[in-house]
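Me: I am new to this structure and would like a close look at a single part of it. Please take the pairing of charged side chains, and explain each term as you go.

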Amino acid sequence: MKKTLLLLIFLLLSVVLIACNNDNQESQKKEEPSQVSQESTKKIQTEKNTVENEENSLPAFKALVTPEITLLSAEGNVQYLFDSSYGEVCWNNCDEFIHFNYPNIHSGDVEVGNRLQFDWSSLKPQPTEIHLIHVNNSDEDDLKELRRKQKSPENAPLTITVDEEMIGNQYAFEFIWKDGEVVEGRSILNFKLE
């Protein structure tokens, strides 16, 4: 009788353990899809954030192609690439208080009637705003902006005919990239006429 009772207890415990094990396996199966779903959601959200960040930020400044200035004769024949200086003012971290100090640069030789052709079409992405700036170079230690004119970013290449008033002056093209009202990047193309 003892043996029978022990056998019954043993069988009863076996059934209870098997039932508990099955319950545990079912709850794990229910949790696994939930965990996979959460991990998938996190991964998709991370990828989405990465793509949004890439869309909202500019490529590395060094990856940009430099805008070109070409000197044309009065007849329109290409003479050579004109001497200029291109640089970053701020990139992917601009604020409205960043000040640019215009460098005193080497002059390029021109004659009245020559034309300068400015081509920024290779800039990718294209700037949102472009300004032609006349720089006061009378004090070589303190170059300041005299005038600025807004130019259309779609108007590339832009050709300007050199007149007598332009010779001896320094100019700059300011390129601005905006996202709405927020400035994402600014760069400057400086040149001087002699």
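Reply: Glu-129 forms a salt bridge with Lys-178, with 3.0 Å between the closest N and O atoms. The pair ties together parts that are 49 residues apart in sequence, because Glu-129 lies in strand β5 (residues 129-136) and Lys-178 in strand β8 (residues 170-179). A salt bridge here is a side-chain nitrogen of Lys or Arg within 4 Å of a carboxyl oxygen of Asp or Glu. Strands (E, at least two residues) and helices (H or I, at least four) are DSSP runs, numbered from the N terminus. The model is a predicted one, in which local features need pLDDT of at least 70 and side-chain atom pairs count only at pLDDT 80 or more, while totals for chains, interfaces and linings use all residues. Residues are numbered from 1 along each chain as its sequence is written, and side-chain values use heavy atoms, with hydrogens and water left out.

The two partners differ in how they are classed. Glu-129 counts as buried, at 18% relative accessibility, whereas Lys-178 counts as partly exposed, at 26%. Buried means under 20% relative accessible area, exposed means over 50%, and partly exposed is in between (1.4 Å probe, protein chains only).

The structure holds three salt bridges, and the other two both involve Glu-174. As a general point, side chains of opposite charge can pair when their charged atoms come close. Glu-174 meets Arg-148 in a salt bridge of 2.6 Å, N to O. Glu-174 is in strand β8 and Arg-148 in strand β6 (residues 144-151), so this pair links distant parts of the chain, 26 residues apart. With a relative accessible area of 3%, Glu-174 is buried. Arg-148 counts as partly exposed, at 37% relative accessibility.

The remaining salt bridge joins the side chains of Glu-174 and Arg-186, at 2.9 Å from N to O. Here strand β8, which holds Glu-174, is tied to strand β9 (residues 182-192), which holds Arg-186, so the parts brought together are 12 residues apart in sequence.

Arg-186 counts as buried, at 15% relative accessibility. Its side chain also makes a polar contact with the side chain of Glu-174, at 2.9 Å. A polar contact is a pair of N or O atoms within 3.5 Å; within protein, one must be able to donate a hydrogen and the other to accept it, and residues adjacent in sequence count only if both atoms are side-chain atoms. Leaving aside neighbours within four places in sequence, the residues in contact with Arg-186 include Glu-88, Val-89, Cys-90, Trp-91, Cys-94, Ile-98 and Phe-100. Also in that set are Glu-174, Phe-175, Ile-176 and Trp-177. Contact means heavy atoms within 4.5 Å.

The largest nonpolar core has 26 residues, and Leu-116, Phe-173, Phe-175 and Phe-191 have the most contacts inside it. At least two residues of this core come from each of β1 (68-72), β3 (85-91), β4 (115-119), β5, β7 (158-161), β8 and β9. Strand β8 gives the most to this core, with four residues. Another core lies apart from it and has eight residues, among them Phe-100, Ile-133, Leu-143 and Ala-172. A nonpolar core is a set of buried Ala, Val, Leu, Ile, Met, Phe, Trp, Tyr and Cys residues joined through side-chain atoms within 4.5 Å.

The whole chain gives the setting for these pairs. The protein has one helix and nine strands, and its elements run α-β-β-β-β-β-β-β-β-β from the N terminus on. Of its 194 residues, 31% count as buried. Among contacts between residues at least 6 apart in sequence, 71% join residues at least 24 apart.

Some backbone details lie in the loops. The peptide bond from Lys-124 to Pro-125 is cis, with omega near 0°, and Pro-125 lies in the loop between β4 and β5. A cis peptide bond also joins Ala-156 and Pro-157, with omega about 0°; Pro-157 is in the loop between β6 and β7.
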